[in-house]
Amino acid sequence: GIGFCVLGMGKLGGWELNYSSDIDLVYVYQAPSGMTRARHGQMSISHEEYFALLGQELTLLLSVATAEGAMFRVDLRLRPEGSVGALAYPVEDALHYYRTRGRTWERLAFLKARPLAGNCRVGALLMRRLRPFVLGTPETAKNILASIRDLRAQIRTKITRRGEWDRHVKLGFGGIREIEFIVQGLQLCWGHAYPWIMDRQTLKALGKLVRAGILEKHDARALRESYRYLRNLEHKIQMVHELQTHVLPTLPEELAKCAIRLGSSPGTTRGQIAENFLNEYRRHTMRVHTLYQRIIG
């Protein structure tokens, strides 16, 4: 009756990691109330304390800096209560939190959740019992697009303050996040009626939305093409210094290098290569943003 599970969230859960991604994890466990059994020379502690220590040790193991670098950057902020919450949560406590206080962004996060390690039965139990929260009802579906618009507005304010609205490949104008919001917004709007459209991977979900008659085939084709372009660009930006960045460089020389990594011919001048690259980038972001405005509003 005791088990500990690591849930992979975000791009890890969807098998969509970037070249230089961090990994989003949530630790959950199932255990009766009480204390651990102490053997010779050991001290008995509560199950709650034990699993918190286990999560702490696992995080350290995955992210500790060594002479060869760290294995992963671990992000635990998607757990209940975020950075102020417990490191590991009992299944029942997690269920109570999401049912009574879960927000739209947490429903979006669990669209990609996947039990990855430890006792996956525990993770599968949580996911199964959370399904009504994630899928919602016809009543909750009415408000989902408005909630997504609010989330997008918050992101835009933050990115604009940093002067990156037109250059942030992930969160900026017509970026990857707008495609994800389209897909996930439609999944949450229609998941209660068509549960089979729920897919962790963005490209697969686009196909399922078309088959359900929710998304036009030509719109899905455009989103698929732009998603692949933007994700490829994201990889090429990150592989230069192995940094988790999503922002286009400003110097024409650096833009030209980025374009060449994407496959542009190095035969013309660097200035022309950079200009052609920006035109192609803006073509994709304008198309994505236009579809986002039409579908999400």
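Me: Which residue in β5 stands opposite Gly 8?

Reply: Arg 114 in β5 stands opposite Gly 8. The model is a predicted one, in which local features need pLDDT of at least 70 and side-chain atom pairs count only at pLDDT 80 or more, while totals for chains, interfaces and linings use all residues. Residues are numbered from 1 along each chain as its sequence is written, and side-chain values use heavy atoms, with hydrogens and water left out.

Me: What makes β1 and β5 a pair of strands?

Reply: Strands are DSSP runs of E with at least two residues, and helices are runs of H or I with at least four, both numbered from the N terminus. Two strands pair if DSSP finds at least two bridges between them. Four bridges join β1 to β5 (residues 114-118), so the two strands meet the definition of a pair. They run antiparallel.

Me: How many bridges join β1 to β2?

Reply: Seven bridges join β1 to β2 (residues 23-30), and these strands also run antiparallel. Within β2, Asp 24 is the residue opposite Met 9.

Me: Why is β1 called mostly covered?

Reply: Buried means under 20% relative accessible area, exposed means over 50%, and partly exposed lies in between (1.4 Å probe, protein chains only). In β1 (residues 3-9), seven of seven residues are buried. Both faces are covered: Gly 3, Cys 5, Leu 7 and Met 9 are buried on one side, and Phe 4, Val 6 and Gly 8 on the other.

Me: How do you know that Arg 283 and Glu 225 meet in a salt bridge?

Reply: A salt bridge requires a side-chain nitrogen of Lys or Arg within 4 Å of a carboxyl oxygen of Asp or Glu. For Arg 283 and Glu 225 the N to O distance is 3.4 Å, and therefore the pair qualifies. This pair links distant parts of the chain, with Arg 283 in helix α11 (residues 270-295) and Glu 225 in helix α9 (residues 217-238), 58 residues apart.
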